[in-house]
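Please read the points below with the sequence and the model side by side.

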Amino acid sequence: MGGADLNGLAWKKSAKSGPTGGNCVEVAALPSGVAVRDSKNPSGPVLLFSPDVWRSFLVSLRREEMTL
């Protein structure tokens, strides 16, 4: 995923983030995985995850294995 083009991505914020935006992350689909960034700092660093890692993360969340 190195060198992924992050220009023009359709970033999405959780509907549960509320009207003020709060402390949220935004995600965007890439051909090679998923990009994640801090919604308060859209020009800041971006984390890139492979499809397998992202899927595993979502499964863990759904199973409530992670404590946030």
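**Notes on the fold**

1. In strand β3, Asp-38 is the bridge partner of Val-25. The model is a predicted one, in which local features need pLDDT of at least 70 and side-chain atom pairs count only at pLDDT 80 or more, while totals for chains, interfaces and linings use all residues. Residues are numbered from 1 along each chain as its sequence is written, and side-chain values use heavy atoms, with hydrogens and water left out.

2. Strands are DSSP runs of E with at least two residues, helices are runs of H or I with at least four, and both are numbered from the N terminus. Two strands count as paired if DSSP finds at least two bridges between them. On that basis four strands form an open sheet, ordered β1-β2-β3-β4, with antiparallel pairing. Strands β1 (12–13) and β4 stand at the edges with a single partner strand each, so one side of each is left without a neighbour in the sheet.

3. The antiparallel strands β2 (residues 25–30) and β3 (residues 33–38) are joined by six bridges, and a hairpin leads from β2 to β3 through two residues.

4. On one flank, two bridges join β1 to β2, which run antiparallel, and Lys-12 stands opposite Val-27 in β2. On another, four bridges join β3 to β4, again in an antiparallel arrangement, and the bridge partner of Arg-37 in β4 is Val-46.

5. In soluble globular proteins, nonpolar side chains tend to be buried together. Leaving aside neighbours within four places in sequence, the contacts of Ala-35 (heavy atoms within 4.5 Å) include Leu-6, Leu-9, Trp-11, Val-46 and Leu-48.

6. Leu-48 belongs to strand β4 (residues 46–49), and because its relative accessibility is 32%, Leu-48 counts as partly exposed. Although eleven residues separate Leu-48 from Arg-37 in sequence, the two are 9.1 Å apart in space, C-alpha to C-alpha.

7. Helix α1 (residues 51–62) has twelve residues, and at 1.5 Å a residue it should span 16 Å, which agrees with its end C-alpha atoms being 16 Å apart; the expected span is 1.5 Å times one less than the number of residues. Just after α1, Glu-64 takes a positive phi of about 55 degrees.

8. How many aromatic pairs does a search of the whole structure find? The search finds two. The rings of Phe-49 and Trp-54 have centres 5.8 Å apart and planes at 40 degrees, so this pair is tilted. The rings of Trp-54 and Phe-57 have centres 5.3 Å apart and planes at 40 degrees, so that pair is tilted too. Rings of Phe, Tyr and Trp (its six-membered ring) pair if their centres lie within 6.5 Å, and planes under 30 degrees apart count as stacked, over 60 as edge-to-face and the rest as tilted.

9. Phe-49, Trp-54 and Phe-57 form one aromatic cluster. Trp-54 and Phe-57 both lie in α1, three residues apart, about one turn of the helix. Trp-54 counts as buried because its relative accessibility is 18%, whereas Phe-49, at 25%, counts as partly exposed, and Phe-57, at 32%, likewise counts as partly exposed.

Terms used: Buried < 20%, exposed > 50% of the residue type's maximum accessible area, 1.4 Å probe, protein only.
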